[in-house]
Amino acid sequence: MLKEAIAWHTLDADAVLKQLAVDVKRGISTQEIEKRRLRYGENRLKQKKSESALKLFLLQFHQPLVYILIVACVVMGMLQEFLDASVILVVIVINAVIGYIQEAKARQAIEALSKLSINKITILRNGEKYLLDAKELVVGDIVLLYSGDKVPADIKLCLSKELRVDESSLTGESVSESKHVGMDASDTPLADRLSMLYASTLITHGFAQGVVVEVGDATQIGNINTLIATAQILQTPLTQKLAHFSKRMLYSIVAISFITFGLGLWHDEPLVETFMASVALAVGIIPEGLPAVMTIILAIGVVKMARKNAIIRRLPAVETLGSTTVICSDKTGTLTQNAMSVTQIYVDNHSFSLSGSGYDPKGDVLDEGKALVPKEKSALYETLYCGLLCNTALHHQIQGTYSIEGDPTEGALIVSAKKGGITEVMAQQSTLVDTLHFESERQYMASLYQSAEGFVVYMKGSVEKILERCDWVMGMEGEKRAIDKALIVHHAEMMATSGLRILAFAKLCLSENMEVLEHQHLEKGLIFLGLQGMMDPPRVGVNEAVQRCYEAGVEVKMITGDHGVTALAIAKAIGIRVNAHTPFLTGKEMDVYTDAQLLNIIQEVNVFARIAPEQKLRLVKALQAHDEIVAMTGDGVNDAPALRQANIGIAMGISGTEVAKESADMILADDNFLSIKDAIEEGRVVYDNLIKFITWVLPTNVGEGLVIIVAIGFGISLPLLPLQILWINMLSDSALGIMLAYEPKEKALMHNPPRSPQTPIMSQALLFRVLLVGCLLFIHAFGAFFLYTLFRG
């Protein structure tokens with residue numbers, strides 16, 4: 001492996017080829033393959049050596065509450081109460097099995113990530129083309145990539161033609177990025193490096209030839225793999241509090257038992273009886289049913305959440321949701337649909353909106369809220385028709401779900417045309433003759449068609465490049481008149497401030513037949529048709545879910561790899577609170593801050609844009625440093641490290657990658673952010689019911705303990721024997737207390753702020769109640785024993 005990372009994006013292609021000693025026309029030789037593999041490593045992600053299944057199972061017993069149960073089990077065995085010992089042992093084993101099954105799945109994240117790299121790829125070696133598994137690549141290989149190919153490693157571009165790449169899984173940006181040969185500045189963020197291709201991204205259009213510069217763990221996806229492996233899996237608030245509570249209880253039981261044993265010896269009681277009394281005290285104070293009932297309450301919460309489309313992978317995560325103070329949400333695919341949609345059309349100084357969402361063509365073109373069907377030959381019709389014809393994407397419906405093959409932007413244009421009543425069948429009335437594909441230098445695409453009206457060129461591209469070629473504008477009814485470019489630019493800028501991506505459309509009617517379309521044919525004389533503004537729209541119901549989170553005292557922050565203006569527009573649309581002084585913070589700006597400075601600003605800013613995976617991780621850690629309980633939502637590979645680091649990671653079940661799902665504690669089966677609100681509510685119910693059970697069961701243990709202590713202190717016979725105490729604790733007390741697991745929620749539950757992580761599991765008021773009821777039980781139990789001995793004697 002290279003000893004230090006090289007900023008490949010800052011070098012031109014020739015410099016990279018020279019440094020790696022590769023001929024771009026021939027590739028590396030067969031003799032070089034093993035040498036390079038030994039030097040740079042294999043193109044596979046290394047998996048952290050996992051713990052054995054036996055060790056994972058044994059770790060389930062490494063809990064203070066379980067220690068208490070084990071002690072009780074051993075004591076009962078020593079007393080030859082084998083039936084009771086067996087019951088406790090069964091409880092211990094069942095708890096361990098449930099915990100093992102739930103937590104073993106969390107170890108599969110890196111394995112799922114490794115599967116992303118398995119695909120076939122075309123390479124050039126010894127001047128010949130070969131089709132090989134991606135894992136066979138080495139640094140220096142010349143790779144040929146076509147539309148639909150998954151990028152197999154980090155690659156420096158040597159040649160590109162009309163190349164567009166979907167990097168949403170890595171950067172979180174919805175729109176495909178144009179890539180070209182060249183260099184990028186040293187401080188260019190990952191999402192803006194246009195001369196590089198990165199492993200796991202997808203070629204949506206065009207052709208690329210490049211040289212492999214990083215493989216395996218040295219790639220950007222390998223860096224994510226490392227972040228997942230090193231991310232700390234934090235204890236949930238519940239497990240932390242129960243661990244603290246259990247340790248204090250364990251120490252108290254041991255101390256009181258020793259004191260009791262000492263008191264018995266001081267009263268010259270027989271050694272065996274004193275020991276039995278100490279054992280009875282320990283058994284009396286131990287809440288044997290607590291671990292079992294806690295598991296039952298959490299399991300009930302899991303079932304209830306599953307009915308609300310929230311699938312829990314680790315039992316304690318149920319309660320963690322109720323403690324959540326901040327939700328850090330990815331934008332693309334979580335708050336939005338991860339499907340570009342045209343939402344606004346501008347023609348002839350008039351704006352239209354479009355209903356519907358995603359790639360589903362169900363929807364209408366709306367004029368001031370009223371649906372309309374565009375008239376043929378009108379500017380609106382021609383704008384939609386141009387978007388459909390000047391297009392290389394395909395629109396599919398598979399098992400009731402619509403999807404796009406090709407560039408998402410072009411897919412959105414097909415859908416907008418269908419909403420206007422224009423279908424592919426209607427487009428077949430024109431015959432495609434030639435196409436000038438999109439190039440980043442020219443910023444437009446043009447298609448030459450032959451139809452009944454002759455040869456026509458349909459063109460789409462950036463507003464600037466299209467307008468400079470237009471001399472006319474099409475009126476609302478299809479008439480041609482002089483163009484007012486300043487007016488069109490003004491409207492385009494207004495649309496852009498709403499976070500829309502704007503494309504301009506134009507046509508050129510040719511007076512003569514043409515077989516080959518050249519760029520010089522398009523320098524002037526075009527008719528401007530209109531603008532289409534598109535975005536990755538918010539999911540239905542997200543606005544309501546965000547507001548409910550605020551009502552429950554939970555802050556919502558958006559963390560995305562997309563551009564700041566786009567992120568801010570979505571944040572405002574869904575009701576995320578935006579700081580007036582710092583509306584959003586970019587990854588580049590964030591890198592300037594020290595950890596201490598970031599801690600000061602992170603509470604004020606709620607929108608973070610152009611954020612890299614390691615920066616998401618840093619943000620989560622900064623919030624946790626403020627004692628926040630962080631829930632992180634996401635669906636992409638780039639979200640996995642932060643999902644694992646967060647107190648609770650929430651992945652999308654439909655659109656989420658396997659890596660995101662395996663890194664998460666909870667999966668949303670319907671990909672709906674609204675389900676998080678329901679899950680938080682259920683988490684609070686679970687915690688409330690658990691506290692109710694503890695409050696129910698502990699007074700009995702306190703009363704039993706006082707009975708034994710007073711009996712030994714006054715040197716009288718024990719009112720309760722260990723077997724009787726165990727019967728009360730396990731069958732009477734715990735069994736009756738299970739009903740509390742089904743308690744309905746309190747009315748004001750979601751209008752209260754989240755519990756502070758510092759709040760102990762037993763508040764002073766509850767502790768006073770436990771002691772009070774425990775003393776009452778002691779008085780009645782001892783009184784009954786006293787009356788029994790009095791009348792018996």
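The following legends describe close-up views of a predicted model.

**Figure 1. Overview of the predicted protein.** The model contains 28 helices and 28 strands. Of the 793 residues in the protein, 55% are buried. Among contacts between residues at least 6 apart in sequence, 71% join residues at least 24 apart. The accessible surface comes to about 34700 Å², and carbon and sulfur atoms account for 58% of that surface.

Figure 2. The strands follow the order 8-28-27-26-9-23-25-24, and their pairing is mixed. Strand 8 (310-312) and strand 24 (585-586) are the edge strands, each of them pairing on one side only. Helix 20 (residues 564-574) packs on this sheet, where it touches strand 23 (555-559) and strand 25 (607-609). The direction of helix 20 makes about 155° with that of strand 25. Within the sheet, strand 26 (residues 630-634) and strand 27 (residues 648-652) run parallel and are joined by four bridges. Ala631 has Ile648 of strand 27 as its bridge partner.

**Figure 3. The salt bridge between Glu555 and Arg577.** The side chains of Glu555 and Arg577 meet at 3.2 Å, N to O. Glu555 belongs to strand 23, whereas Arg577 lies in the loop between helix 20 and strand 24, so the pair ties together parts that are 22 residues apart in sequence. Glu555 is partly exposed, with a relative accessibility of 29%. Arg577 is likewise partly exposed, at 44%.

Figure 4. Glu34 forms a salt bridge with Arg37, and the closest N and O atoms are 2.7 Å apart. Because the two residues are three apart in helix 2 (residues 30-40), about one helical turn separates Glu34 from Arg37. Glu34 is partly exposed, with a relative accessible area of 46%. Arg37, by contrast, is buried, with a relative accessible area of 14%.

**Figure 5. A buried salt bridge between a helix and a strand.** The side chains of Glu382 and Lys507 meet in a salt bridge of 3.1 Å, N to O. Glu382 is part of helix 14 (residues 379-389) and Lys507 is part of strand 21 (residues 501-509), so this pair ties together parts that are 125 residues apart in sequence. Glu382 and Lys507 are both buried.

Figure 6. Strand 10 (residues 341-347) and strand 11 (residues 350-354) run antiparallel, with four bridges joining them. Tyr346 has Ser351 of strand 11 as its bridge partner. Two residues lie between the strands of this hairpin, in which Asp348 takes a positive phi near 50°. Strand 11 is also joined by two bridges to strand 12 (residues 365-367), and these two strands run antiparallel. In strand 12, Leu366 is the bridge partner of Ser353.

Figure 7. Strand 7 (residues 202-214) is largely enclosed by the rest of the structure, because twelve of its 13 residues are buried. Strand 3 (residues 142-146) runs antiparallel to strand 7, to which five bridges join it. Ile142 has Val211 of strand 7 as its bridge partner. Strand 4 (residues 154-166) also pairs with strand 7 in the antiparallel sense, over ten bridges. Asp166 has Leu202 of strand 7 as its bridge partner.

**Figure 8. A nonpolar patch on the surface.** The patch is formed by Phe768, Leu772, Val773, Leu776, Leu777 and Ile779, which together have about 540 Å² of accessible area. Ile779 is found in helix 28 (residues 764-792). The relative accessible area of Ile779 is 51%; because exposed means over 50%, Ile779 counts as exposed.

How values were computed
Residues are numbered from 1 along each chain as its sequence is written. This is a predicted model: local features need pLDDT of at least 70, side-chain atom pairs count only at pLDDT 80 or more; totals for chains, interfaces and linings use all residues. Side-chain values use heavy atoms; hydrogens and water are left out. Patches are made of residues with over 30% relative accessible area and no salt bridge: like charges are joined within 9 Å, nonpolar side chains (Val, Leu, Ile, Met, Phe, Trp, Tyr) within 5 Å. Accessible areas come from the Shrake-Rupley method with a 1.4 Å probe; for residues, only the protein chains shown count as cover. A salt bridge is a side-chain nitrogen of Lys or Arg within 4 Å of a carboxyl oxygen of Asp or Glu. Buried means under 20% relative accessible area, exposed over 50%, partly exposed in between (1.4 Å probe, protein chains only). Contact means heavy atoms within 4.5 Å. Two strands pair if DSSP finds at least two bridges between them. Axes are lines fitted to C-alpha atoms, for helices over the stretch in contact, and angles run from 0 to 180 degrees between N-to-C directions.
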